[in-house]
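Here is a short note to read beside the model. Please keep the sequence and the 3D view open while you go through the points.

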Amino acid sequence: MAATPDVPPPPAGGAPAAASTTRRRTGRHRGEGQWAVGHFTPLNANEQFKKDDDGLNVRTRIETIYAKPGFDAIDPSDLRGRMRWWGLYTQRKPGIDGGKTAILEPEELDDSYFMLRVRIDGGRLTTEQLRVIGEISQEFARGTADLTDRQNVQFHWIRIEDMPEIWRRLEGVGLSTTEACGDTPRTILGSPVAGIAENEIIDGTPVIEEIQRRIIGNPDFSNLPRKFKTAVSGSPLLDVAHEINDISLVGVVHPEHGPGFDIWVGGGLSTNPKLGVRLGAWVSAEDAADVHEGVISIFRDYGYRRLRTRARLKFLVADWGPEKFRQVLEDEYLGRKLTDGPAPAEPDGRWRDHVGVHRQRDGRYYVGFAPRVGRVDGTTLTKIAELAAAHGSGRLRNTTEQKMIVLDIDEAQVDSLVSGLEALDLRVTPSPFRRGTMACTGIEFCKLAIVETKGRGASLIDELERRLPEFDEPLTININGCPNACARIQVADIGLKGQLVLDDDGNQVEGYQVHLGGALGLEAGLGRKVRGLKVTAAELPDYVERVLRTYLAQRADGERFARWAARAEEGALK
């Protein structure tokens, strides 16, 4: 495996990167900041603070310095930079409206509290771990807890003074916040039913565990150009959004070598969405971690570090193409050729979130349930842990759709568990609207957000259930508070990107740009934007009801919403 390049210090007396960039708007191009071709000098403030000190080192300062005097003692480079390496983001001050998001300085937006992300690789939890998460929520986070679409749990209202105790409790049950944020290898997505599903192609759990062992907390991979997202699944449901990760290992059966993984690279959304591409290569479970290490090393060494807007692997893959990418991976990082292999088949289910009651390969059952837009609370989480402990083996899973699963339920216990979950308003047989609606954090806590999301998503579910009680088609409605697409707006049936819009009276109000007909898995593609199609927050239920009624009236037999939206006349989508 290629070694991490030594990064030399900047030339003596050299000007700061930002000033140099300002002076040299024209003239000779200085490259993209790729280490592998000799561009070591930091070209922006983020690259500079990472060069000055590895983000992994900030934990010692948090525990020994910042946790004692509190928030005001934190160095700005740690506060808005390195603390992310340990899952900490400053949250938004209450009362700042969306119109000021892009105007105010970071210190004006920062509250003295933090969001804390707990990384849960593969979504794997025990009842003991979930109980501790619930207790931390109640004691340190004002009861907050959100399930994310990357299988994590996020807290809010965290004080820096409490972090040593929070880490002690999390790590006491085998949980971590290491590199849950920052320019690092983020949480590894995995099939939530790995190792138990009746129709599984291959169990990706050993691969995830080996990647964790090699990569997470390793200084060789703690300074990447930007975040790096991984997904591993052997489920035929394609249940880890493999098309939008930097690297995905997707279960397939090779005609000669048997079960293994198809390799995808270069997916990602945000403001420049790109779907991942296949390398056309098959890899065994035993060799999968080598391939992952090779791909993340390419990103570290060849990734673009000059502009943050181009510092994701998807831009390098787009420029190189899959053929060159595979060749560099084989020649420079693996030292061998990969085996050509087949593409995954289309998913064999209408939904891939595992909600409902499903039989396991051992004859027991797993039960998946849906909170509202991923929002739960500490008290609810401890009750879920109690239910899971009383009815199953003590194993739970988070999904990539802001849902949760209890594993290993004997048939005689299923009805009792379902009743207990439903009593907590955790639906095992939810409406399509409860099941298919996701929302990001939104303006309540996020400094990048422009509009509210969680509460609006919950109220939209209620309205649609009341207005369209007979609607029974699979449907995804993804709500994002800004253009960054944390809630995957471009690949939803109805994607809603938060922005300020004008109402009928000319007032600037919260609203959404609409994306229609995006999809993952089955006919994956990015949603369609209709010229001028924006809706105010107040108009949102009326708009969604109208477009769904038009779909029901115009669809062909068996036609899914995404396919209809792609062919419909613009007038039908307004």
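**Notes on selected features**

1. Start with helix 16. Its buried residues are Leu-540, Pro-541, Tyr-543, Val-544, Glu-545, Val-547, Leu-548 and Tyr-551. The helix covers residues 540–554, 15 residues in total. From first C-alpha to last it reaches 21 Å, close to the 21 Å expected at 1.5 Å a residue. Keep in mind throughout that this is a predicted model.

2. Buried in helix 6 are Thr-127, Gln-129, Leu-130, Val-132, Ile-133, Gly-134, Ile-136, Ser-137 and Phe-140.

3. Now look at what follows helix 6. Arg-142 comes after this helix and has a positive phi, near 55°. Arg-142 sits in the loop between helix 6 (127–140) and strand 4 (144–147). Is Arg-142 buried or exposed? Its relative accessibility is 54%, so Arg-142 counts as exposed; the cut-off for exposed is over 50%.

4. Ser-270 also deserves a check of its backbone. Its phi is positive, about 60°, although Ser-270 is not a glycine. As background, most residues other than glycine have a negative phi. Ser-270 lies in the loop between strand 9 (258–265) and strand 10 (277–283). With a relative accessible area of 23%, Ser-270 is partly exposed.

5. Tyr-113 leads back to Arg-142. Tyr-113 belongs to strand 2 (residues 110–118). Which residues does Tyr-113 contact, leaving aside its neighbours within four places in sequence? They are Tyr-89, Thr-90, Gln-91, Arg-142, Trp-157, Ile-158 and Arg-159. Take Ile-158 from that list. Tyr-113 and Ile-158 are 45 residues apart along the chain, and 5.3 Å separates their C-alpha atoms. Tyr-113 is partly exposed, at 22% relative accessible area.

6. Glu-108 is in helix 5 (residues 106–109). Its side chain reaches the backbone nitrogen of Glu-105 at 2.8 Å. Setting aside neighbours within four places in sequence, Glu-108 is in contact with Lys-93 and Ile-96. Its relative accessible area is 38%, so Glu-108 is partly exposed.

7. Gly-294 is a buried position. It lies in helix 9 (residues 288–302). Its relative accessible area is 0%, so Gly-294 is buried. How far apart are Gly-294 and Arg-226 in sequence and in space? They are 68 residues apart in sequence and 17 Å apart in space, C-alpha to C-alpha.

8. Thr-437 is in strand 17 (residues 437–439). Why does Thr-437 count as buried? Its relative accessibility is 2%, and buried means under 20%. A polar atom of the Thr-437 side chain lies 2.7 Å from the backbone oxygen of Phe-433. Not counting residues up to four places away in sequence, Thr-437 touches Val-373, Gly-457, Ile-461, Ile-477 and Ile-479.

9. Finish with the second largest pocket. Its volume is about 660 Å³. The pocket is lined by 36 residues, and the closest to its centre are Thr-476, Asp-493, Ala-519, Leu-520 and Arg-560. Helix 14 (432–436) and helix 17 (561–567) are the elements that give two or more residues to this lining. Which of the elements gives the most to the lining of the second largest pocket? Helix 17 does, with three residues. By class, the lining has 15 nonpolar, eight polar and 13 charged residues.

Terms used: Residues numbered from 1 in each chain as written. Predicted model: local features only at pLDDT ≥ 70, side-chain atom pairs only at ≥ 80, totals over all residues. Heavy atoms only, no water. Helix = DSSP H or I, 4+ residues; strand = E, 2+ residues; numbered from the N terminus. Expected span 1.5 Å × (residues − 1). Buried < 20%, exposed > 50% of the residue type's maximum accessible area, 1.4 Å probe, protein only. 1 Å grid on protein atoms, 1.4 Å probe; cavity = no way out; pocket = protein on both sides within 12 Å on 5 of 7 lines; lining within 4 Å. Points joined across faces, edges and corners; volume = space filled by probe spheres on them. Nonpolar A, V, L, I, M, F, W, Y, C, P; charged D, E, K, R; others polar. Polar contact = N/O pair within 3.5 Å; in protein donor to acceptor, adjacent residues only side chain to side chain. Contact = heavy atoms within 4.5 Å.
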